[in-house]
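Reader: I have a few labels to check. Please give the value and the rule behind each.

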Amino acid sequence: MAIQISTAIAIYFVIWWVALFLTLPFGVRSQHEDGVGAPGTDPGAPILTRMGRKLIWTTIISAVIYGAGIAAYHAGYLSIERLSKMMGMPF
């Protein structure tokens, strides 16, 4: 039950991308919330996004999720046959 490197990278990339969208809203303050802003800008525009921290947290979260998924796959808890039986589909 070996996973090809291209498949592993693709799965990790999808998990990373979903985790990025989960971490984006945390810690963002808008110009309206802080009461400051440049004239002519949207009041909902963020003041400080801290994207570096978000990218680091996204990488950590996705690595943990990916690691748990790979461990479950190698332990036999996660397989196409098992998932198809759970969903009642013949494989």
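Author: Start with a rule: partly exposed lies between buried, under 20% relative accessible area, and exposed, over 50%. Bear in mind that this is a predicted model.

Reader: Why is Arg 29 called partly exposed?

Author: Arg 29 has 40% relative accessibility. That falls between the 20% and 50% cut-offs, so Arg 29 counts as partly exposed.

Reader: What makes Arg 29 and Asp 34 a salt bridge?

Author: Their closest N and O atoms are 2.8 Å apart. The rule asks for a side-chain nitrogen of Lys or Arg within 4 Å of a carboxyl oxygen of Asp or Glu, so the pair qualifies. By this rule the count comes to one salt bridge. Side chains of opposite charge can pair when their charged atoms come close.

Reader: Is Asp 34 buried, exposed or partly exposed, and how do you know?

Author: Partly exposed: its relative accessible area is 37%.

Reader: Which residues form the nonpolar surface patch?

Author: Phe 13, Val 14, Trp 17, Val 18, Phe 21 and Leu 22. Together they have about 630 Å² of accessible area.

Reader: How confident is the predictor in helix α1?

Author: Confidence is highest there, at a mean pLDDT of 95. Helix α4 has the lowest, at 71. The chain averages 86.

How values were computed
Residues are numbered from 1 along each chain as its sequence is written. This is a predicted model: local features need pLDDT of at least 70, side-chain atom pairs count only at pLDDT 80 or more; totals for chains, interfaces and linings use all residues. Side-chain values use heavy atoms; hydrogens and water are left out. pLDDT is the predictor's confidence in each residue, from 0 to 100. Helices (H or I, at least four residues) and strands (E, at least two) are DSSP runs, numbered from the N terminus. Patches are made of residues with over 30% relative accessible area and no salt bridge: like charges are joined within 9 Å, nonpolar side chains (Val, Leu, Ile, Met, Phe, Trp, Tyr) within 5 Å. Accessible areas come from the Shrake-Rupley method with a 1.4 Å probe; for residues, only the protein chains shown count as cover. Buried means under 20% relative accessible area, exposed over 50%, partly exposed in between (1.4 Å probe, protein chains only).
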